Amino acid sequence: MGTTLDVSRAELALVVMYLNKAEARDKLCRAIQYGSKFLSGGQPGTAQNVDKSTSLARKVFRLFKFVNDLHGLISPVPKGTPLPLVLLGKSKNALLSTFLFLDQIVWLGRSGIYKNKERAELLGRISLFCWMGSSVCTTLVEVGEMGRLSSSMKKIEKGLKNGNKYQDEDYRAKLKKSNERSLALIKSAMDIVVAAGLLQLAPTKITPRVTGAFGFITSIISCYQLLPTRPKIKTP
């Protein structure tokens with residue numbers, strides 16, 4: 001009885017910890033937003049209203065968030081990182097920071113505080129191009145980093161000779177990192193499609209329903225990436 005209660009408390013504590021993160025709440029709202037976009041298919045109705053209202057609400061979660069990537073832009077990079085990956089990483093930070101900054105003006109426009117509607121819409125479109133560019137940079141960075149991890153893992157395999165590679169702690173750590181980067185690669189690649197859909201770059205192929213489906217999947221991936229580590233429960 002006591003063990004079951006301890007497990008329940010631990011699980012509930014994880015849920016509370018998760019929901020206390022502004023980023024987690026934002027991604028949950030994102031899943032609702034794109035799920036509604038998928039259901040509406042771009043047609044007027046309740047689902048489209050939920051899509052638009054949730055999109056506006058999410059912008060509040062992102063106020064001043066551009067500072068995070070601005071900090072990443074000026075932060076030093078790990079030693080040994082190839083120059084192309086450094087440049088791509090910094091470009092991603094610059095583009096994402098610009099997107100988040102311009103997104104605040106879009107929110108001011110949609111809230112009625114900023115009166116120049118045409119300029120707000122133009123800045124909104126520019127911000128989406130910045131997000132799309134940052135997703136492209138992220139995709140390329142993940143491909144490059146996975147290549148580096150693969151090379152490092154092969155060296156460990158050669159060093160082990162006939163040993164079991166899965167018993168090597170360093171190999172397992174790199175394998176875990178490789179899996180995490182694979183998931184991040186899938187997410188960033190799909191976000192490029194989402195951005196193209198929002199910009200209506202290929203409206204006949206990337207329809208609102210396709211955009212909603214891809215956006216919902218990447219939102220679920222983001223929610224999964226933010227999950228806290230489960231503590232080990234001691235059993236008697």
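Two aromatic pairs are counted in the protein chain, where rings of Phe, Tyr and Trp (its six-membered ring) pair if their centres lie within 6.5 Å, with planes under 30 degrees apart called stacked, over 60 edge-to-face and the rest tilted. The structure is a predicted model, in which local features need pLDDT of at least 70 and side-chain atom pairs count only at pLDDT 80 or more, while totals for chains, interfaces and linings use all residues. Residues are numbered from 1 along each chain as its sequence is written, and side-chain values use heavy atoms, with hydrogens and water left out.

A pair of aromatic rings is described by the distance of the centres and the angle of the planes. Phe-66 and Phe-101 have ring centres 5.3 Å apart and planes at 75°, so this pair is edge-to-face. Because Phe-66 lies in helix H4 (residues 66–74) and Phe-101 in helix H5 (residues 83–110), the pair ties together parts that are 35 residues apart in sequence. Helices here are DSSP runs of H or I with at least four residues, strands are runs of E with at least two, and both are numbered from the N terminus. Phe-66 is buried, with a relative accessible area of 16%, whereas Phe-101 is partly exposed at 42%. For these words, buried means under 20% relative accessible area, exposed means over 50%, and partly exposed is in between (1.4 Å probe, protein chains only).

Phe-99 and Trp-131 form a stacked aromatic pair, with 6.1 Å from centre to centre and 25° between the planes. Phe-99 belongs to helix H5 and Trp-131 to helix H6, so parts that are 32 residues apart in sequence are tied together by this pair. Both Phe-99 and Trp-131 are buried. A ring also meets a charge in this model: Arg-209 lies over the face of Phe-38, at 5.5 Å from the ring centre. A charge sits over a ring if NZ of Lys or CZ of Arg is within 6 Å of the ring centre and within 35 degrees of the ring normal.

The overall picture can now be drawn. The protein chain has eight helices and zero strands, and its elements run α-α-α-α-α-α-α-α from the N terminus on. Along the principal axes, the C-alpha trace spans about 65 × 55 × 35 Å. Of the 236 residues, 35% count as buried. The accessible surface comes to about 14600 Å², of which 63% belongs to carbon and sulfur atoms; such areas come from the Shrake-Rupley method with a 1.4 Å probe, and for residues only the protein chains shown count as cover. Among contacts (heavy atoms within 4.5 Å) with a separation of 6 or more, residues 24 or more positions apart account for 74%.

The UniProt record lists residues 93–109 and 208–227 as "transmembrane region". Its positions are given in the numbering used here, feature names are shortened, and annotations may be inferred rather than shown by experiment. In the model, residues 93–109 are 100% helix and 0% strand, with end C-alpha atoms 25 Å apart. Residues 208–227 are 90% helix and 0% strand, and their end C-alpha atoms lie 29 Å apart.

Where do the acidic residues Asp-26 and Glu-145 sit, in terms of helices? Asp-26 is placed in helix H2 (residues 22–40) and counts as buried at 2% relative accessibility. Its side chain is joined to that of Arg-58 by a polar contact of 2.8 Å. A polar contact is a pair of N or O atoms within 3.5 Å; within protein, one must be able to donate a hydrogen and the other to accept it, and residues adjacent in sequence count only if both atoms are side-chain atoms. Not counting residues up to four places away in sequence, Asp-26 touches Arg-58, Phe-61, Arg-62 and Lys-65. Glu-145 lies in helix H6 (residues 117–160) and is also buried, at 14% relative accessibility. With neighbours within four places in sequence left aside, Glu-145 is in contact with Thr-81, Leu-85 and Arg-181.

Helix H6 also holds Thr-138. A polar atom of the Thr-138 side chain lies 2.8 Å from the backbone oxygen of Ser-134. Beyond neighbours within four places in sequence, Thr-138 is in contact with Lys-92 and Ser-188.
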